[in-house]
Amino acid sequence: MEQFEIELAEAERRWEGLGWPGPRVLLVSGSGLAVDLAGRRHGETELAELLPFPTRTVVGHPHRVELLYPRDDLPLLYQRGRLHSYQGYDGHRVALMVRLAARRGAELLIMTNAAGGLDPEMRAGDLALIRDHLNLTGLNPLTGDPPADWGPRFPDMTNAYDRELAALAHRTADGLGIPLRDGVYAGLAGPNFETPAEVRMLRTLGADLAGMSTVLEVIAARHLGMRCLCLSLVANPAAGVTDEPLDHEEVLEAGRAAAEKVRRLLDGVLAAL
């Protein structure tokens with residue numbers, strides 16, 4: 001048995017110890033975007049209580065896990081803050097919570113992240129749905145020999161980001177008067193921000209947004225048959241788009257400023273599912 005299978009089995013054992021029902025949705029929040037959603041709280045714990053390996057936090061990622069009900073028929077596992085490969089985790093550990101949620105019944109993955117805007121027309125505070133991605137992390141959560149019942153050895157990624165869910169998000173945003181773009185997300189290893197030359201390269205490759213998360217979780221989710229909806233907050237223009245230096249505190253401040261419209265959009269999407 002692979003080590004990642006052993007760790008998932010232990011995470012499932014810890015879940016069972018909580019006595020929580022299985023979720024239908026997993027929601028993972030990005031930097032500064034751990035907003036308070038509407039709904040009835042069932043339970044809350046630390047992320048470290050579920051994960052069978054040492055965890056390290058990053059500023060803006062509180063590492064709390066909640067089970068809540070946005071509707072009576074919609075149990076949702078809310079992961080406030082995520083793990084990143086730049087913290088030293090491999091692809092399997094980054095994606096472990098996705099696999100845990102799927103094994104307990106989740107069929108839908110919703111994620112938010114903070115990203116740099118590669119498109120000069122993007123402004124800090126803009127929201128964009130990810131319609132596709134470039135995995136430039138150098139990692140993959142499917143390396144090794146995952147069990148055959150998790151999914152195909154060579155999963156198709158044509159519809160990695162679900163088009164029906166994207167259309168629902170756009171209708172919801174339009175109804176709320178929240179502008180919502182679309183973009184291709186470049187997932188990078190980090191933790192440094194990109195150089196201006198790297199930003200020019202990413203734009204040439206077709207990327208509109210750049211960040212240090214999301215792609216590994218989506219690959220694992222699609223392998224398991226989950227549908228994915230991912231929302232990026234443009235936290236800052238990427239290096240070289242303007243002459244301003246980049247700073248993580250700027251990313252968190254953008255998250256705090258945009259928190260209300262992110263909350264309204266997520267509440268609206270969950271109500272309409």
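**Backbone exceptions, cavities and salt bridges in a predicted model**

Thr214 is found in the loop between strand 8 (209–211) and helix 7. The model described here is predicted. Although Thr214 is not a glycine, its phi is positive, at about 80°. Thr214 has a relative accessible area of 0%, so this residue counts as buried.

A positive phi also occurs at His63, again not a glycine, with a value of about 60°. His63 sits in the loop that runs between helix 2 (47–50) and strand 3 (64–71). The relative accessible area of His63 is 4%. Buried means under 20%, so His63 is classed as buried.

A further backbone feature is the cis peptide bond from Gly190 to Pro191, where omega is near 5°. Pro191 belongs to the loop between strand 7 and helix 6 (196–205). Arg256 lies in helix 8. Its relative accessibility is 45%, and Arg256 therefore counts as partly exposed.

Across the whole structure, four cavities of 30 Å³ or more are found. The largest cavity holds about 70 Å³. Its lining comprises 14 residues, and those closest to the centre are Ser85, Thr137, Met212, Ser213 and Leu216. Strand 7 (181–188) and helix 7 (215–223) each give at least two residues to this lining. Helix 7 provides the largest share, three residues. By residue class, the lining of the largest cavity contains six nonpolar, seven polar and one charged.

The second largest cavity has a volume of about 50 Å³. It is lined by Ile110, Met111, Leu129, Ala169, Leu229, Cys230, Leu231, Leu265, Leu266 and Val269. Two or more lining residues come from each of strand 5 (108–117), strand 9 (227–237) and helix 8 (248–272). The class count for this second lining is 10 nonpolar, no polar and no charged.

Leu136, Met201 and Leu205 make a nonpolar surface patch of about 270 Å². Leu136 is part of strand 6 (residues 127–136). With 37% relative accessibility, Leu136 counts as partly exposed. Patch residues need over 30% relative accessible area.

Charged pairs were examined next. The structure holds 20 salt bridges. One of them joins the side chains of Glu10 and Arg14, at 3.0 Å from N to O. Both residues lie in helix 1 (residues 3–18), four residues apart, or about one turn of the helix. Glu10 is partly exposed because its relative accessibility is 22%. Arg14, at 26%, is likewise classed as partly exposed.

A helical pair is also found in helix 8. There, Glu260 and Arg263 are three residues apart, about one turn of the helix. Their side chains meet in a salt bridge of 2.5 Å, N to O. Glu260 has 44% relative accessibility and so counts as partly exposed. For Arg263, the relative accessible area is 24%, which also places this residue in the partly exposed class.

The salt bridge of Asp162 with Arg227 has its closest N and O atoms 2.9 Å apart. This pair links distant parts of the chain, 65 residues apart: Asp162 is in the loop between strand 6 and helix 5 (163–176), and Arg227 is in strand 9. Asp162 has a relative accessible area of 11% and is therefore buried. Arg227, at 33% relative accessibility, counts as partly exposed. Beyond these pairs, a network of salt bridges links Glu12, Glu16, Arg103 and Arg104.

Terms used. Residues numbered from 1 in each chain as written. Heavy atoms only, no water. 1 Å grid on protein atoms, 1.4 Å probe; cavity = no way out; pocket = protein on both sides within 12 Å on 5 of 7 lines; lining within 4 Å. Points joined across faces, edges and corners; volume = space filled by probe spheres on them. Nonpolar A, V, L, I, M, F, W, Y, C, P; charged D, E, K, R; others polar. Patch = residues over 30% accessible without salt bridge, like charges linked within 9 Å, V, L, I, M, F, W, Y side chains within 5 Å. Areas by Shrake-Rupley, 256 points an atom, 1.4 Å probe, with all protein chains shown as cover. Salt bridge = Lys/Arg side-chain N within 4 Å of Asp/Glu carboxyl O. Buried < 20%, exposed > 50% of the residue type's maximum accessible area, 1.4 Å probe, protein only.
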